[in-house]
Amino acid sequence: MRKIRRGLPILVAAGLLTVTACSTPAEKQPAASSDPKPAADKSAAAPADPFGKYDQPVTITIGKSVDPTDKSLPAGDTPESNQYTRYVKEHLNIDSKLVWQAAAGKDYDQKVNLSIASNDLPDTMVVNDTQLRQMVKAGQLADMTDVFAQYASPAVKSIIESTKGLATKAVTFNGRMMAIPNVTTESDMVHLMWIRKDWLDKLGLPVPKTIDDLEKTAKAFVEQDPDGNGKADTIGITGPQAGGLLHANFITPNNNNYGFDPIFSSFHAYPGFWLKGADGKPVYGSIQPETKEALAKLRDLYAKGLIDKEMSVRKDTSELIKSGKSGIWFGMWWGGYGPLGDAIKNDPKANWQAYAVPLDASGEFTPHMGTPSNQFVVVRKGYEHPEAAMKMINLLLRDESKFDVKVAIANYPLRLVFAPMDEMDVTLKMLREVLAGTKKPEELDLPGYKLLKADAENVKKVKLEPYDKVDIQYWNPEADLGVWKRMYSTFVGVAALEKPYKKTYSVTYSQTKTMESRWANLDKLEKETFLKIIMGAAPLETFDQFVTNWKKQGGDQITAEVEEASK
């Protein structure tokens, strides 16, 4: 097996871009003569009030991602009118209007792409790296350089600066800042295994550590009636639903629930990511022999009935977990926010626990990692108040802990995640000290750690003694389900990442020139080939022809461009 050296991205930042009102102008796309002058240019270069309330109402139109399964909104509230939109109106005098909404994921991306292609843009929306670059190229975006310099809150600026230039590099074109980048905690980059530990205990099984252990456990879950209903209706391993991803990739590296990321990485396979090859040059993970080996294993697991037979056509994979039919799924630390709230409502004894497994042949956990910035708030060129979007971002970071956590934060009208890279590690450590009595909540109002003080005030509502035990029987979710979701995710999900592990970063998280015209077809070729191999619709040897086709259809040219960009 060819060894692939793991290392930090070659995306070495040249230092944090200093964004000031006196920055040297760069080449800009010509603006239509009817476009109003951006509000940032109307004001002096000195910093403005990041939380300043407008004297007159300001309207901002938004294209928004929504969760069609979200049931957290009270009767009468909608994604356009809820506690969050009312808060924005009260504190900033901004009326947020949804010109369209689409289900999070594939549907939302399609809607954004349609808006870009038709040049029919809302005033603001959240986009990915590929969409950002398309919009910059088309001259559709407001220059946010001066807006950021004048209106970004100190907390936002501090968090962006903590990435040592990576966040600003992701949104800088010809020396100008064309979007506001998010910053995610490192915990959001790692995919874990969640498993029904009560099923393990009932069947007398240990927590699986290796890929072979995982197979034995999944087999037992399928064949030994772990739910005790006398029916052969349990599923070993949950797979991705219709439109879901088999694995994350360099464009969307984080938050891939229900994919097989940890299984791939246990073989040192990193499909969808750009890696350092043995000669130090970039190689694409999807065409490496390690990926073929991982696909062979997944194919075997599927053929044996250990992976959900309806994966890729099932409309909502989370229902398997909520209804107590599945025993294993792969996803993020925040499982409590996901399907587990409903799972424990349906079965209070459903003891879902998280582990950093399966391990590789050397006994190490070797996940792929993401980039701190993979989502971006953009503002339509010509919108009169681009600073309104910046103020909304500032307000969310400052006041998120004040909201009723029972209502999903995704209902904030313009949500961009800002978190120190170590936010969840610090949160777990501090909450343990609160439970131990060595820290008080009032000591934890730390700049940037927006939810820490509220977490410290709430943790004892749902955590039962002994505090060092985190199985489901040591929690009281009924006391406050919203608090429980965060606390359980932290003490179970984040805790699984405390042991040292080897991190594999992508050489790049951005697209090259040839990708603009070729990547959609190459990505489609890859996804269809991999899915057919796993589900037995094509032989494993199809992988070799896929590699040949991928190279001929633009892959070799793209690889050369990635190499050149990484120098």
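**Walking through the model**

Me: Where is the place of Lys164?
Reply: Lys164 sits in the loop between helix H6 (154–161) and helix H7 (166–171). Helices here are DSSP runs of H or I with at least four residues, strands are E runs with at least two, and both are numbered from the N terminus. Before we go on: this is a predicted model, where local features need pLDDT of at least 70 and side-chain atom pairs count only at pLDDT 80 or more, while totals for chains, interfaces and linings use all residues. Residues are numbered from 1 along each chain as its sequence is written, and side-chain values use heavy atoms, with hydrogens and water left out.

Me: Thanks! Is Lys164 buried or exposed?
Reply: Lys164 counts as exposed because its relative accessible area is 66%. The cut-offs are under 20% for buried, over 50% for exposed and partly exposed in between, using a 1.4 Å probe and protein chains only. Lys164 also has a positive phi of about 55 degrees, although it is not a glycine.

Me: What about the phi of Asn93?
Reply: Asn93 has a positive phi of about 60 degrees, and it is not a glycine either. Asn93 lies in the loop between helix H2 (83–92) and E2. Asn93 counts as buried because its relative accessibility is 9%.

Me: What is the strand order in the open sheet?
Reply: The order is E2-E1-E3-E13-E6, five strands with mixed pairing. Strand E2 (94–103) and strand E6 (180–181) are the edges, each pairing on one side only. Two strands pair if DSSP finds at least two bridges between them.

Me: In which sense do E1 and E2 pair?
Reply: Strand E1 (residues 58–66) and E2 pair in the parallel sense, over nine bridges. As one example, Val58 has Ile94 in E2 as its bridge partner.

Me: Switching topic: how many residues of strand E7 are buried?
Reply: Five of the five residues in strand E7 (residues 192–196) are buried. In a regular strand the side chains alternate between the two faces of the sheet. In E7 both faces are covered, with Leu192, Trp194 and Arg196 buried on one side and Met193 and Ile195 buried on the other.

Me: And how many bridges join E7 to strand E11?
Reply: Four bridges join E7 to strand E11 (residues 326–331), and the two run antiparallel. Gly331 in E11 is the bridge partner of Leu192. E7 is also joined to E12 by four bridges, again antiparallel, with Trp194 standing opposite Ala354 there.

Me: Which members of the largest nonpolar core touch the most other members?
Reply: In that core of 100 residues, they are Ile237, Phe260, Ile263, Trp274, Leu340, Trp484 and Trp519. A nonpolar core is a set of buried Ala, Val, Leu, Ile, Met, Phe, Trp, Tyr and Cys residues joined through side-chain atoms within 4.5 Å. A second, separate core has 62 residues, including Leu98, Ala142, Met144 and Leu395.

Me: What does Glu561 touch?
Reply: Not counting residues up to four places away in sequence, Glu561 touches Thr512, Lys513, Thr514 and Met515. Contact means heavy atoms within 4.5 Å. Glu561 belongs to helix H19 (residues 542–566).

Me: Which side chain makes a polar contact with Ser318?
Reply: The side chain of Asp316 does, at 2.6 Å. A polar contact is a pair of N or O atoms within 3.5 Å; within protein, one must be able to donate a hydrogen and the other to accept it, and residues adjacent in sequence count only if both atoms are side-chain atoms. Ser318 lies in helix H12 (residues 318–322) and counts as buried because its relative accessibility is 8%.

Me: Last one: which peptide bond to Pro358 is cis?
Reply: The bond from Val357 to Pro358 is cis, with omega near 0 degrees. The bond from Glu465 to Pro466 is cis too, with omega near -5 degrees.
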